[in-house]
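Here is a short report for someone meeting this structure for the first time. Take a look at the model, then read on.

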Amino acid sequence: MWGVPRISTTTVDRPRIRARLDGPEALVTVIGPAGYGKTVAVAQWAAEADAVGVWARVRDRDVDSAAFVQDLADELLASGTVSAASPLRHLGEAVMAGADPWEVLCRALRDAGDVVIVVDDVDRLTDSAVDGLIRLAEDLPRLRVRATARRRTRLTEPGLGLVLDTAVVTTDELALTDDEARAILGPGADRSTVERILEWGGSPLIARALASGSTTAEGRQQAADHAFSSLLDDRIRAEDWDPELVDFLARTSVADALTLELATALSPRTDAERMLARAEEEGLGLWTGSPSRGEQFRYSPPAREAFAQLLLERQRSAVRPLNLIAAGWEATHGQPFSALERAVRFSDWALATSVVRESWHILLRNHALQVRDLFTTVPLLTLRRLPLIAMILALIYNARRSHRLRALELFALANYGASRQSSTAQPADRALLAGVQTAALRVSGRIRPALAAAERTYDTLVSMSDEDRDRLGPNEPTLYNQAGTTFFYGGRSESALDSFARSTAVGDAKGLTAGMIGLAMTAGVHAVSGDMPEAASTVAEADTRDWPEGWLTGYSGSFYRVARAFLALESFDAAEADRHLRTLDPHRETIEHWPLLTHLDTLVLLLGGRPEEALLRLESTIRTQRRRQGSSPFTSERLQHTVALAHLAAGDAVAAERALAGASEDARLAVSHARISLARGMPDDVLRRLQDGGSTSGSSRSRGEALALTAAALAVVGDDRAALTAGRATLAFLGERGLGLPLALVPRSALEALEKSFRRSGSPELAEALAPAKEHAVVAGGLTSIRLTPRELEVARRLPTHPTLGAIADDLSVSPNTVKTQLRSLYKKLDVTSRPEALARLAVLGVTAGQGRSDPPAHDRG
């Protein structure tokens, strides 16, 4: 067994307790108040048990699953109980990404064989953590759990026996027997003192204290009538303890666990090693740990409470500085929450900020709710001066939908505090503060100031000295990721890719897993931009990495899933794309990438021929995000194009146009309007909108869509020569960029026109290349809702072949005024204003054949 506390040689052997712990039960809990020897009894058993396993003590109060399982993982890896290749090696990162720590632990232990886990002070765990321990025992038949507790927990509930073999060792069983009390008191034990110990409840701690104190029966009986603190005070006076020892015990009682280094820091004028040896001899505590990983001395709870009270009475002014010394040691020895708790308790905000700066990821991962509760009474005016702390609190609140407003308030505080401090801070702190700002502003929807903060973050990082870079610790790749994410959402993809590349490079150089997030983001940005070869190669590289458990199915790897979804959609595999998107469902309510995921969801449904369902989901998602203030003008505008596409796929061009109202004038807007025009049968409008660089500006995806729409529009108007040239260029570009969606987003009627044009031009291979896109086209095209009267239809059919109103009137044996009236009605229904537009629309509808652009019809003058 690994990590078992060292037991004093004078400890009385209690084989009856060992026998209870040696049973076959999956769970055995030893429960009793302080002083009943729970830890000692279990340590005796563990030291002699023929078993493989680890000892874990719960240090803090209300420890949740993530923190506790992390401690277990550290012990399991250090002891060799699980292999170095176990998923536990990256447990922290996996939990940060949303993985269930108990599931990761369960997988790690499945092949470990018969294992024992001892949990000392299990009642310090939260209820959910205890439930996780129970589930672990249920899922692993070869696991045994042994625990100590001062109070009842789920482990001691009778109903648990219905699903697991359990046992509870109660206080009555822990109480000393007559023989055990005599063994502790020694050869001179008198009957009255033994009886008094048994009347007191059979507490081993009291018996040991009496054994070390007065040698007379009268003295022992008098001491037993006092609480432990009174007893300890009596012993100090009666035995004339060295004041140096008393002072050492009082000063070091502020720490939960003592190393020689910490004990010396708390009491620098004392021989700490000698004093701790004396404390062990007096039965005041136990050594735990191992020489290889470092031993720690822990006072028994009653002893620590008694000495803490003594410190308060004798040296009240020393309480604060000693606690802050302990906090500083905890901050650098893997106990950030304990350090933060002390810093907050004594209002040392510089120390609190330092702890958050160094360990924010651990605090978020393992202690989120504890951190939240820790700051509930800290005034907002104070938090305004603590931007790093305000930011971590904002992230904690933002994880819950019901706390979104509080999160936004804290994001604003973080931004305010960071802007006030950024000019006077050191480079490492300036980078952190700017990173805090860009994240807070971006999540709050304020993209312009977020971009300015991202630029400061990036510029500070790239100009930083190696010494300042070292001060950042593990934060450097994370800051590059935050800057890159802001650049991406600000439309600066090249800057985003540069930031993500730096994140990955730093992560690889320093062994920081956050760099892999940069790799995932790179893949997603390439895919969104339509650069699929680069996206595919980055995904392939990502697949060779050793990712922490849960990262590729959570926030950290969300853009990896975005890339995989786009790669599937480009080959029209909607089911595969949907499979990747569904892995992110548990994070949809809080993930800031929800607009992009919603866009992909819509494409999946449109390719599946379900535009009405796509519209319903779009509206529901946008409404939900607005309620929780999860949308900004920036993200809302991005979705305008998605909503327009869904309406167009549903056959409502008017609603599609309406959806684009107020959108920024850019290449993407030109493409969206052109697609609507082509669906309406207005190819000239398509060519007009795209002629001013619409097919040569913007991202590869936007350019590909513009090229496809241009080629199709040329085919609709009947210009086969131009359509062939444009079509070849389009297919070459899309093939080189690995894109298929741009063709599938061309209205099907226009694709069919392009296919026929290719065949007429003697290029059947190009026509065949359109087949997959035509099969999966999401927009039908044509005004399927138009209703022409029989006379309007007669006029329409004669428009291509009769150059004037008079010619049509003569052919129909009606007056020119009648034809003019019917033509006005026809133009209104077609939503056009000229004969060329009407002819193009009618061709798309199948009412007439296409008209060649080289021989345009004459315009009516009447």
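This is a predicted model: local features need pLDDT of at least 70, side-chain atom pairs count only at pLDDT 80 or more; totals for chains, interfaces and linings use all residues.

Glu 570 and Arg 701 are both buried. Their side chains meet in a salt bridge, at 2.8 Å from N to O. The partners come from distant parts of the chain: Glu 570 sits in helix H31 and Arg 701 in helix H39, 131 residues apart.

Some salt bridges share partners. One network formed in this way joins Arg 57, Asp 120, Asp 121, Asp 256, Arg 298 and Arg 304.

## Other salt bridges

The structure holds 59 salt bridges. One of them pairs Arg 14 with Glu 180, with 3.6 Å between the closest N and O atoms. This pair also links distant parts of the chain.

Arg 107 and Glu 549 form another salt bridge, and here the closest N and O atoms are 2.0 Å apart. Arg 107 belongs to helix H5 (residues 101-109), while Glu 549 lies in the loop between helix H30 (532-543) and H31, so the bridge ties together parts 442 residues apart in sequence. Are these two buried or partly exposed? Arg 107 has 38% relative accessibility, so it counts as partly exposed. Glu 549 is partly exposed too, because its relative accessible area is 23%.

## The nonpolar cores

The largest nonpolar core has 189 residues. Leu 249, Leu 258, Tyr 299, Leu 340, Phe 375, Phe 566 and Leu 678 touch the most other members. Which helix gives this core its largest share? Helix H39 (residues 700-716) does, with ten residues.

Now take Phe 375. Leaving aside neighbours within four places in sequence, Phe 375 is in contact with Leu 340, Val 344, Trp 349, Leu 383, Ile 389 and Leu 393. There is also a second, separate core of 45 residues, including Val 63, Ala 94, Leu 109 and Ala 137.

## A loop residue under cover

Phe 572 lies in the loop between helix H31 (558-570) and helix H32 (574-582). Why does Phe 572 count as buried? Its relative accessibility is 14%, and buried means under 20%.

Beyond neighbours within four places in sequence, Phe 572 is in contact with Leu 607, Gly 740, Leu 741, Ala 744, Pro 772, Ala 773 and His 776. Pro 772 is 200 residues from Phe 572 along the chain, but their C-alpha atoms are separated by 8.1 Å.

Helix H16 (residues 301-314) has 14 residues. From first C-alpha to last it reaches 20 Å, close to the 20 Å expected at 1.5 Å a residue. Its buried residues include Pro 302, Ala 303, Ala 306, Phe 307, Leu 310 and Leu 311. An α-helix has 3.6 residues a turn, so residues three or four places apart point the same way.

## The whole chain

The chain has 48 helices and seven strands. Its C-alpha atoms fill a box of roughly 135 × 60 × 40 Å along the principal axes. The radius of gyration is 37 Å, whereas a compact globule of 862 residues would have one near 29 Å.

Of the 862 residues, 57% are buried. Among contacts between residues at least 6 apart in sequence, 69% join residues at least 24 apart. The accessible surface comes to about 35600 Å², and 50% of that belongs to carbon and sulfur atoms.

Note on methods
Residues are numbered from 1 along each chain as its sequence is written. Side-chain values use heavy atoms; hydrogens and water are left out. A nonpolar core is a set of buried Ala, Val, Leu, Ile, Met, Phe, Trp, Tyr and Cys residues joined through side-chain atoms within 4.5 Å. Buried means under 20% relative accessible area, exposed over 50%, partly exposed in between (1.4 Å probe, protein chains only). Helices (H or I, at least four residues) and strands (E, at least two) are DSSP runs, numbered from the N terminus. Contact means heavy atoms within 4.5 Å. The expected span of a helix is 1.5 Å times one less than its number of residues. A salt bridge is a side-chain nitrogen of Lys or Arg within 4 Å of a carboxyl oxygen of Asp or Glu. The radius of gyration is taken over C-alpha atoms; the globule rule is 2.2 Å times the number of residues to the power 0.38. Accessible areas come from the Shrake-Rupley method with a 1.4 Å probe; for residues, only the protein chains shown count as cover.
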